[in-house]
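Please look over the sequence and the structure shown here before reading on.

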Amino acid sequence: LHNFLTVEETDALIAHALADTDAVTGLQRSTTGAEHQVSFNKVRTSDNAFDSVSPAARATKRRAIEVLGMGPYDEQVTDGLQVLRYNESKAYIAHLDYLDDNNSGHDYDSANDGSN
């Protein structure tokens, strides 16, 4: 979707990610797995942060809900925006996400029709 975010919003999201020192939401090396099985993987070369609270994040989430026709907007059912950082020597390496369903019955296997 062209021009979904403004330059000012992206700058604000980046600034928030860089300033966030929280151990959970702040910028840190990307991992694989769920909370109980987190590990580092050489395929994941990024750092990431999650922004749920900045004005830019809330405006972006609200806009996404409107564009998708999923209104009305309810902050309680939205996730944070993931902000990724790749250093000059790093790049995105294509990969499939996979999480163990822990017998929940949900299909997390993104190689097929699953989602996470």
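**Thr60 and its surroundings**

Leaving aside the neighbours within four places in sequence, Thr60 is in contact with Phe4, Leu5, Glu9 and Leu81. The model is a predicted one, and the points below are grouped by topic.

The residue Thr60

- Thr60 has its place in helix α2, where its side chain reaches the backbone oxygen of Ala56 at 2.7 Å.
- Thr60 counts as buried because its relative accessible area is 5%, and buried means under 20%.

The second largest pocket

- Thr60 is also one of the residues that line the second largest pocket, and among the others are Phe4 and Leu81, both of which are in contact with Thr60.
- The volume of this second largest pocket is about 220 Å³, and its lining has seven nonpolar, two polar and two charged residues.
- Helix α2, which covers residues 55-68, gives the most to the lining of this pocket, with five residues.

The chain as a whole

- The chain has two helices and three strands, and from the N terminus on these elements run in the order α-β-β-α-β.
- Of the 116 residues of the chain, 20% count as buried, while the chain exposes about 8,500 Å², of which carbon and sulfur atoms supply 52%.
- Among the contacts in the chain with a separation of 6 or more, 48% are accounted for by residues 24 or more positions apart.

Terms used. Residues numbered from 1 in each chain as written. Predicted model: local features only at pLDDT ≥ 70, side-chain atom pairs only at ≥ 80, totals over all residues. Heavy atoms only, no water. Helix = DSSP H or I, 4+ residues; strand = E, 2+ residues; numbered from the N terminus. Buried < 20%, exposed > 50% of the residue type's maximum accessible area, 1.4 Å probe, protein only. Contact = heavy atoms within 4.5 Å. Areas by Shrake-Rupley, 256 points an atom, 1.4 Å probe, with all protein chains shown as cover. 1 Å grid on protein atoms, 1.4 Å probe; cavity = no way out; pocket = protein on both sides within 12 Å on 5 of 7 lines; lining within 4 Å. Points joined across faces, edges and corners; volume = space filled by probe spheres on them. Nonpolar A, V, L, I, M, F, W, Y, C, P; charged D, E, K, R; others polar. Polar contact = N/O pair within 3.5 Å; in protein donor to acceptor, adjacent residues only side chain to side chain.
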